[in-house]
Amino acid sequence: MAEQVKEMTGTAGTNKEKQHFMQISASPHIRSGNSTTSIMGDVLIALLPASAMGVYNFGARAALMILICVVSCMVFEYFSELAMKRKNTVRDLSAAVTGLLLALNLPVSLPFWMAILGCLFAIVVVKQLFGGIGQNFMNPALAARCFLVLSFVGPMTRFTLDAVTTATPLAVLKNEGLNAVGVWDMFLGVEAGTIGETSAAALLIGAVYLVIRRVIRPTIPVFYMGSFAVCIVIYGLTQEMEVWDLTRFTAAHLCGGGLVLGACFMATDYTTSPITGKGRVVYGILLGILTFCFRIFGSSTEGVSYAIIFGNLLVPMIEMFTKPRSFGAGYEKKPLSENRGWLQPVTLDEEGNPVKAKKSKEGMLRVVVTITLIGAMAGGLLGLVYAVTKDPIAETAEKKKQESFRTVMPEGENYKEYTEKADWEKLGLSDVSGIDDVNAALELLGYSGVTLESRTDAMTGETCIGRIWIITSHEGYAGDIRMAVGIKDGKVTGVNMLSIGETSGLGMEARDNPAFTAQYTGKDVEEFTVVKTAPEKDSQIQAITGATITSKAVTKAVNAVLDADRLTGGE
């Protein structure tokens, strides 16, 4: 062996040279001078421009929110590690980065105690319970943000700018159209949104700093935003947009909704992103496609947080399929071959070529079986929960419907509901034998996107004093809007929302602001129309600011009820 080494070096060498060549050490053989603290410090520095822009945009409360989140995360990390008897890692600044990222993902008006609860969830539940830094399976800051959105949807989706509640640019874009947003303002950051997502320019400055410092590689951000832009362009082409409008539409989506913040600062998280080169490409493209689907086809205008978290969960599988082949992998090891020397022990065929070992399919089978079992268990649990909660949910819905009857027609002593075909036949209407006939008639009148559910007569003794219709509009901004509409003498007596999931502070004003529904009551009109300015006629309904789609959906449903009431014997 020693003689072979001498031949490879081209010289017999001295003892010192032999010792140097034969020295063997454990991997890794290449070490970086970077530490966790230095990396996290660079991330904090890179986030300073976005933080400063957030404070400039939203005022001192934004600075206080940032301070509270950073301090809370560091405190929770210290005491959780103390309780779990782990080495204290507060000084590595990872908790500070989590706190800052969470703060930048929160609306400035969020109550501080909710922000602190989010910090607790991020550090204790997502990070420490799974082993601490490097062990969490998803980005802690984004997990906390999604937790807060699911727990406190109202405060987490209420955005203010200059002390005025308003919609984010993407919400305005989806509601009002392209001409209602300023792309340049979105790039600079003088728009509503979370504290750190508004200024794409400030975020890009920080991202460039991280790339220069080699803290992150540009692969994930480039493929993330690139694939997202491609999807947006394809979608715009299907909508027959002009080139200039398509350019502005794409730029608005790239600058809004925290896409730059998510792509450059959270999708690139070391722990929750792939370590392989091909894996980063696949991961970035996946995030771009998911964000596009959530934004364009989902009820939310954002989508970045959920896309990244979903991508985090798929990282192990992405790495499994994209891991590089190890040197010498795929060949069955056997005793040293004479014609291959000491460098490559392999198995040779009759012609002297290396024979590849068969790849094991056990790993793939294990993954498929595991996913199948998890899916089956999850489905079974959901079925069990549905079976247990089905009756209470139905009772609650029925109680709410009865309460809505009293809200829209309070003078009724009792209420007689007509739902089945036989009930309608008792009405003695020659042209209508059921609610399906009424819906069919409304369809012919142009009322697509609405569905009548039932008619209920408000009774005083044996006298019908009015009718209450349950109707669902399928054209709401965030999905179906189910409501009760009272009609008496051809006039609306009240509109009550039974179920609505529109954006808090915007479309939800249809339920939360009585002044909106009051616009329909007591007016003798053939049809209502929606206007954005102050109404000049009884037939005009002023749209909710930033929620024109919701306003039109409700108005269309009320108009459908007016026509349905006329079709079935109303005044």
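Q: Quick one to start: is the crossing of H8 and H17 left-handed or right-handed?
A: In this predicted model, H8 and H17 cross in a left-handed way.

Q: Which residues make that contact?
A: On the H8 side there are Leu142, Ala143, Arg145, Cys146, Val149 and Leu150. H17 brings Ser305, Tyr306, Ile308 and Ile309.

Q: And what's the split by class there, for H8 with H17?
A: Eight of the residues are nonpolar, one is polar and one is charged.

Q: Nice. At what angle do the axes of H8 and H17 cross?
A: Roughly 125°, and the axes come within 10 Å of each other. The helices themselves span residues 140–151 for H8 and 304–322 for H17.

Q: Let's switch to H4 and H12. How far apart are their axes?
A: They are 7 Å apart, and the helices pack at an angle of about 160°. That makes H4 roughly antiparallel to H12. H4 covers residues 48–58 and H12 covers residues 200–212.

Q: Which hand is the crossing of H4 and H12, left or right?
A: That crossing is right-handed.

Q: Who meets whom in H4 and H12?
A: Pro49, Ala50 and Met53 from H4 meet Ala202, Leu203 and Ile205 from H12. By class, the contact has six nonpolar residues, with no polar and no charged ones.

Q: Changing topic: which residues of H20 are buried?
A: H20 runs over residues 435–444, and its buried residues are Ile435, Val438, Asn439 and Leu442.

Q: Why do they sit on the same side of H20?
A: They cover an arc of only 100° around the axis, which puts them on the same side of H20. As background, an α-helix has 3.6 residues a turn, so residues three or four places apart point the same way.

Q: What's exposed on the face turned away from the buried side of H20?
A: That face carries Asp436 and Leu444 as exposed residues.

Q: Zooming out, how many helices and strands does the protein chain have?
A: The secondary structure comes to 23 helices and nine strands. Of the chain's 571 residues, 45% count as buried.

Q: What share of the contacts joins residues at least 24 apart in sequence?
A: It's 66%, taken among contacts between residues at least 6 apart in sequence.

Notes:
Residues are numbered from 1 along each chain as its sequence is written. This is a predicted model: local features need pLDDT of at least 70, side-chain atom pairs count only at pLDDT 80 or more; totals for chains, interfaces and linings use all residues. Side-chain values use heavy atoms; hydrogens and water are left out. Axes are lines fitted to C-alpha atoms, for helices over the stretch in contact, and angles run from 0 to 180 degrees between N-to-C directions. Helices (H or I, at least four residues) and strands (E, at least two) are DSSP runs, numbered from the N terminus. A crossing is left-handed if the near helix is turned anticlockwise from the far one by less than a right angle, and right-handed if clockwise. Contact means heavy atoms within 4.5 Å. Ala, Val, Leu, Ile, Met, Phe, Trp, Tyr, Cys and Pro count as nonpolar, Asp, Glu, Lys and Arg as charged, and the others, Gly among them, as polar. Buried means under 20% relative accessible area, exposed over 50%, partly exposed in between (1.4 Å probe, protein chains only). The arc is that of the directions from the helix axis to the C-beta atoms. Angles under 35 degrees count as roughly parallel, over 145 as roughly antiparallel, 65 to 115 as roughly perpendicular and the rest as oblique.
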